[in-house]
Amino acid sequence: MVNQLIEPYGGTLVNLIDPEKREALKHEALSLPSLDLDWQQQCELEMLMTGAYSPLTGFMTRAQCARVESAQQLDDGSFWPSPITLASRDRTLADRRPGERIALRDGEGYMLAILTLSDVWKDGDQWHLAGAVEGAALPPHPDFVSLRATPAELRALFARRGWRRIVAWQARQPMHRAQYEFCLKSAIENEANLLLHPQVGGDITDAPAYFGLVRSFLAVRDRFPAATTQLSLLPVPPREASGRALLLRAIVARNFGCSLLIAGGEHQPDGGDCRRGEDLTQSEMDFSIAERAEKIGVRLIAYPRMVYVEDRAEHLPEAEAPQGARVLTLSGEEFRRRMCAGLKIPEWYSFPEVLAELHRQTPPRERQGFTVFFTGLSGAGKSTLARALAARLMEMGGRCVTLLDGDIVRRHLSSELGFSKAHRDINVRRIGFVASEITKNRGIAICAPIAPYRQTRRDVRAMIEAVGGFVEIHVATPIETCESRDRKGLYAKARAGLIPEFTGVSDPYEVPEKPELAIDTTGLAIDEAVQQILLTLEHEGYLR
């Protein structure tokens, strides 16, 4: 049978892994400098090596990036929307020079590829590396192995099935009824088969949310016709929604054998409604996104604003809803609020099996793990409040509670650290990491470091909110009260110059911007303060 799938972008599907060179590359890598890649860099490398980014054969140079940014062109004049680079904060890269070869490894030292440097430059605090890539192995994925396929493997599968026209749905969010009905309708109207291609760039420790996404697609897959639908995972790193990102997705879709791509239809991170395909048809570039996609060879199918028409018991584009008909909608923000609060989701909005998987991944707040993060000056009352709160929560029962007091952590986790600004920062980040692991596993972490720096607290919040709840409590006791409570005489020693970089005296304390609660313990009984904290936790939905 003649393969009538659309050709890869550029005419040839790139494959940067040559099995005959694999052992030689691994042997050579033993004598080369190495660069350990984080999970996002590994995703980008995998997309390069498998040909998902065909016709690219490596990471772009500074000049190539500039040309892509200004003219959206590769060296041969063909269209390309976004730079593909390898950036790292590894300071040893300052000594690397064009012509050198570097072994690219995962975090455990597994050799993935060798990069022959053609350009090295610094931008801000990052070094950018460019050059040709010779692959030795794809990043190992211990999860969902049967759902992972390279462009070559999917193209071969499509050819065996006799598929000619394929529409892709590259989702970052779970599929609900409106998206399901639109995908099914798009495939039927275009006489096409359907590729469900959820974007699962992630890591089992740093970004595990994709597990719930994949399980939700496994749950909804059985509702599609098995003979005309294929589910496969796309290991692409996350990108902000933009016209450039959409066009890169179109190139990726073509390289996987798809000539149609549904654009839009997903709730936005800010909680807004589903972004419509027509919202994406204009961008910062001086041409129509749809027209450029046609030149890429992929036709965009714009996802419209969908509403549920109750009289007809179906989802329709808003413009096609009968005049006077009763229509229902549910915003992304409202959907998330109901999920967090454990409230009912209308049957017309989603499938029960999908909701079940989402509840498993992100249960209502009263069953989520969370961190209570106390911050304040030495002597403000953080440790006392943290211990009292831990006791009350243990008394209530229901979830495991772990107390990560500053002194306890110093003794067991950070005994080698001093009290310089850098070491205090490291200590707080360690506390944040341990708290995030406790939170991720549905426990309660109570932390009580001084944590004087805003940026460190922001980073800890972001780390923990990715896996559960975070409640920051500023123990805003004035320094005069703190000094009067100073049993160890630390403030007196600091003012005498005997303790350098002491918070509040010779080193600043940066007041939290928007803590969930601020408490001044001057003249406030411990029980009263703890009651305020418990009420805050109840208000936020973590306790019932």
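Visitor: Where does Ser 54 lie?
Guide: Ser 54 sits in the loop between helix H2 (39-50) and strand S2 (58-59). Helices (H or I, at least four residues) and strands (E, at least two) are DSSP runs, numbered from the N terminus. This is a predicted model, in which local features need pLDDT of at least 70 and side-chain atom pairs count only at pLDDT 80 or more, while totals for chains, interfaces and linings use all residues. Residues are numbered from 1 along each chain as its sequence is written, and side-chain values use heavy atoms, with hydrogens and water left out.

Visitor: Is Ser 54 buried or exposed?
Guide: Buried means under 20% relative accessible area, exposed over 50%, and partly exposed in between (1.4 Å probe, protein chains only). Ser 54 has a relative accessible area of 0%, so it is buried.

Visitor: Which residues does Ser 54 touch?
Guide: A contact means heavy atoms within 4.5 Å. Leaving aside residues up to four places away in sequence, Ser 54 touches Tyr 9, Thr 12, Leu 13, Val 14, Trp 80, Ile 251 and Asn 255. For Val 14, the backbone nitrogen is 2.9 Å from a polar atom of the Ser 54 side chain.

Visitor: What is the peptide bond from Ser 54 to Pro 55?
Guide: Most peptide bonds are trans, and most residues other than glycine have a negative phi. The bond from Ser 54 to Pro 55 is cis, with omega near 15°. Pro 55 belongs to the loop between H2 and S2.

Visitor: Which residues other than glycine have a positive phi?
Guide: Among them are Phe 144, with phi near 50°, and Ala 451, also with phi near 50°. Phe 144 is in the loop between strand S6 (126-135) and helix H4 (151-161). Ala 451 is in the loop between S17 and helix H14 (454-465), and Ala 451 is buried at 3% relative accessible area.

Visitor: In what order do the five strands of the open sheet stand?
Guide: Strands of a sheet pair through backbone hydrogen bonds, either parallel or antiparallel. Here the order is S9-S8-S7-S10-S11, with parallel pairing; two strands count as paired if DSSP finds at least two bridges between them. Strand S9 (229-231) and strand S11 (299-302) are the edge strands, each pairing on one side only. Within the sheet, strand S10 (residues 260-263) pairs with S11 over four bridges in the parallel sense. Leu 261 stands opposite Leu 300 in S11.

Visitor: Why is strand S16 described as largely enclosed?
Guide: Strand S16 (residues 401-405) has four of its five residues buried, so it is largely enclosed by the rest of the structure. S16 runs parallel to strand S17 (residues 444-448), joined by five bridges. One of the partner pairs is Leu 403 with Ile 446 in S17.

Visitor: How many disulfides does a search of the whole structure find?
Guide: A disulfide is a pair of cysteine sulfur atoms within 2.5 Å. The search finds zero. For Cys 65, the nearest cysteine sulfur is that of Cys 43, 19 Å away. For Cys 258, the nearest is that of Cys 183, at 12 Å. Cys 65 is buried at 9% relative accessibility, and Cys 258 is buried at 1%.

Visitor: What is the mean pLDDT of the chain?
Guide: pLDDT is the predictor's confidence in each residue, from 0 to 100. The chain has a mean of 91, and 95% of its residues reach 70 or more. Over residues 269-275 the pLDDT is below 50, and this stretch has 24 contacts in the model beyond near neighbours in sequence. Residues 281-286 also stay under 50, with 11 contacts beyond four places in sequence.

Key: Polar contact = N/O pair within 3.5 Å; in protein donor to acceptor, adjacent residues only side chain to side chain.
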